[in-house]
Amino acid sequence: SSSPAAELVVKNERSNMCELEMGIAGGGHMSKLTNWTSSCPFTNSTYALPMRWMADYVSQGVQKAFVTRGTAYYDAANNRKRLDTELVKTSPEHQSSVIFSGFRDGNNKTSIIHDGGQFFYFYHDTGKCMKSISPVGTLRPTWHLDSEGAGCLSQYLGNTYIVYDDKSQMAPQSTPGDSITLVRQWRKTEPLENAYMISSFESTPSWNTPEGKKARLLQRTTPGAPGMRDTIDTFYNHSTEFSDKVFTELFEQFGDCDERMGFSADGVEGFDFSEFLASGDGGDGNINAFLNPHSGLEVDRGFVENVWIPGSENQESSAAAVAPTTETEQRSGSSSITPTSFKLLVDGWAEVSNGISDDATTHTTTMSVNASAVDGKWIALSFPEFECAMVPAIAFVLEAGDEKPAVYDLVSLASVKKRDELPAWVLELDVKRNADNKIQLRVVTRAPGENARRRFSTTNINIAHGVGGTLSYHGPNGRACVKKPDADA
C-alpha cells in the first residue's frame with residue numbers, strides 16, 4: 001500500500017558559493033542567490049573569464065538586423081553586471097522585437113544592471129529608471145568550459161581564424177589580413193533553441209589579470225535573447241580595472257526606479273507583450289514567439305562531444321554521438337527513483353500530489369489550482385527528462401476556455417509539437433472543476449518499472465501557468481519545479 005503523504009513547501013533558497021541556476025539556465029548562469037569564487041570549478045583555467053572584467057563591445061543581429069555598441073562590466077564575485085548600450089542601426093524586424101522596447105520613446109542610450117535576482121533599466125535620453133525581478137543570476141565565468149545545465153553539452157572545437165580588428169569597433173581595416181585573428185573556440189548546446197552558443201578566445205593567452213594570465217574573449221555568438229535571432233557580440237579594449245562606482249552611480253543619478261513586471265502581459269513599457277505573443281512576432285502565433293525557431297546555429301545530427309580538460313593541451317574524444325532519440329530509447333538522464341506518495345504546496349497558487357496504486361503499477365499525479373488565481377490563463381503539468389528542466393518534456397496543457405487538456409512534446413522551446421494521441425505510458429488524462437472553485441489536472445501513468453525504456457520519467461515534475469490563455473510564456477513567477485521525496489523520505 002502507499003506510504004503516508006509528506007507535506008512539503010517548494011522553495012528556491014540557495015546560499016552556497018558556486019551554485020548554478022536550476023535546469024537549463026544553469027548552463028550559463030549562476031544562481032541568483034549565490035556568488036562565484038576562485039575555488040569554483042575551472043575558474044583557474046586560462047580560458048575561464050576573470051572574476052572581474054570589462055570590455056567595449058559591438059552586437060550585430062543577423063535575421064533581425066541591428067547594430068548596438070557600448071561597454072560591459074562583469075563582477076562574478078558579487079553576482080552582478082552592467083551593460084551600457086547605444087543603438088547604432090536598426091531595422092523593421094528588429095523594431096518589432098520585445099528587446100527593442102528599451103529604445104522606444106526616443107531612448108537611444110540605455111544601461112542595464114543585473115544584480116543577482118534583480119534587473120535595473122536606465123534610459124539616459126528620457127531620465128527614467130525601471131526595475132524587475134530576474135529569473136537567473138549573472139553569466140558565470142566558466143559556463144563555456146563545462147556541460148553543466150540540464151541537457152547542455154560543451155564541445156572544444158580547437159583553433160580557427162575569425163575576422164577581428166582590435167583597432168576599430170565598427171569596421172575591419174582595409175589592409176588584407178590585418179583583421180584575421182587566430183582563436184580557440186568552444187560551443188555549447190542551448191536546449192531552449194536547440195542551438196549552439198559559440199565562444200572565441202584569443203589562441204595564446206596574453207591578458208595579465210589579478211588571477212594570472214588569461215585569454216581574452218573576442219567574440220560570442222548566440223542563438224538569440226527573447227524576441228531576437230542569432231546575435232554576434234565582439235569585445236574590445238579588455239580590462240580588469242574599474243571602480244565599484246559603475247554599479248552605484250546610476251542610482252545616484254536617476255533616483256528611485258519604478259516597478260516593471262518584466263515579461264508579463266503589461267510588463268514592458270510602451271510595448272504590448274500580450275499582443276506580441278498573439279502575433280507570434282512574425283506570424284507564428286504560438287510559444288515560439290519570443291524564441292528563435294530559425295537559428296542558423298541549430299544543433300546538427302552529427303554533433304560529437306569532445307571532452308577537453310581546461311588548462312591542458314590534451315584533448316580526448318569520447319566519440320559520443322548525440323542524435324535525436326525516440327520515446328522508446330533508453331536515456332540515462334531519466335531518474336530511477338520511485339517516490340513515496342506525497343503532497344506539495346507550491347508558492348500558494350497550486351498543490352501537486354502523487355499517489356501510487358496498491359499494486360505499485362501506476363502513479364496518479366494531480367495539479368490543483370484555485371480557478372480565480374488562473375482565470376483566463378493556461379495551466380500545465382509536465383514531466384521533463386532532466387530534473388527541473390523545461391525541455392525536453394511531455395506537457396499536459398489546459399488552455400483557457402478548453403474542456404480537455406492537450407498533450408505537447410516540448411522537444412525544445414523553439415520546437416513545440418502537439419500530439420494527437422497520449423504517450424503509451426499515460427493511461428488517463430482528465431480535468432475536473434470542483435465545487436470549491438478548484439481546477440484539477442490529473443494524469444495517470446504507468447510506474448517507471450512498468451515501462452523502463454520510456455524516455456520521460458514521472459519522477460520529475462514541473463507545473464506552470466501562463467500570462468495569457470494560449471500556451472506561451474509563463475511569466476517570472478508562473479513556474480515551479482517539484483522535487484519528489486525519495487522512497488525513504
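**Exercise 1. Which side chains does a polar contact of 2.4 Å join?**

Let's work through this one on the predicted model.

- Step 1: Start in strand β2, residues 52-61, where you will find S59.
- Step 2: Look for the partner. The side chains of S59 and D233 are joined by a polar contact of 2.4 Å.
- Step 3: Check the surroundings of S59. Leaving aside its neighbours within four places in sequence, S59 is in contact with F66, V67 and T68, and also with T231, I232 and D233.
- Step 4: Decide on burial. The relative accessibility of S59 is 8%, so S59 counts as buried, given that buried means under 20%.

**Exercise 2. Classify the aromatic pair of Y156 and W186, then say which parts of the chain the pair ties together.**

- Step 1: A search of the whole structure gives 16 aromatic pairs. Y156 and W186 form an aromatic pair with 5.0 Å from centre to centre and 50° between the planes.
- Step 2: Planes under 30 degrees apart would be stacked and those over 60 edge-to-face, so the pair of Y156 and W186 is tilted.
- Step 3: Place the residues. Y156 belongs to strand β8 (residues 154-163) and W186 to strand β9 (residues 180-190), so this pair ties together parts 30 residues apart in sequence.
- Step 4: Y156 and W186 are both buried.

**Exercise 3. Follow W186 to F201, and find the cluster that includes these residues.**

- Step 1: W186 and F201 form an aromatic pair too, with 5.8 Å centre to centre and 85° between the planes, which is edge-to-face.
- Step 2: W186 in strand β9 and F201 in strand β10 (residues 195-202) are 15 residues apart, and the pair links distant parts of the chain.
- Step 3: F201 is buried, as is W186.

**Exercise 4. Over which rings do R52 and R187 lie?**

- Step 1: R52 lies over the face of F242, 4.2 Å from the ring centre.
- Step 2: For R187, the charged end sits over the ring of Y196, at 4.0 Å from its centre.

**Exercise 5. Describe the whole protein in a few numbers.**

- Step 1: Count the elements: there are 3 helices and 28 strands.
- Step 2: Of the 489 residues, 51% count as buried.
- Step 3: Among contacts between residues at least 6 apart in sequence, 58% join residues at least 24 apart.
- Step 4: The accessible surface is about 21,800 Å², and 48% of it belongs to carbon and sulfur atoms.

How values were computed:
Residues numbered from 1 in each chain as written. Predicted model: local features only at pLDDT ≥ 70, side-chain atom pairs only at ≥ 80, totals over all residues. Heavy atoms only, no water. Helix = DSSP H or I, 4+ residues; strand = E, 2+ residues; numbered from the N terminus. Buried < 20%, exposed > 50% of the residue type's maximum accessible area, 1.4 Å probe, protein only. Contact = heavy atoms within 4.5 Å. Areas by Shrake-Rupley, 256 points an atom, 1.4 Å probe, with all protein chains shown as cover. Phe/Tyr/Trp six-rings, centres within 6.5 Å; stacked < 30°, edge-to-face > 60°. Lys NZ or Arg CZ within 6 Å of the ring centre and 35° of its normal. Polar contact = N/O pair within 3.5 Å; in protein donor to acceptor, adjacent residues only side chain to side chain.
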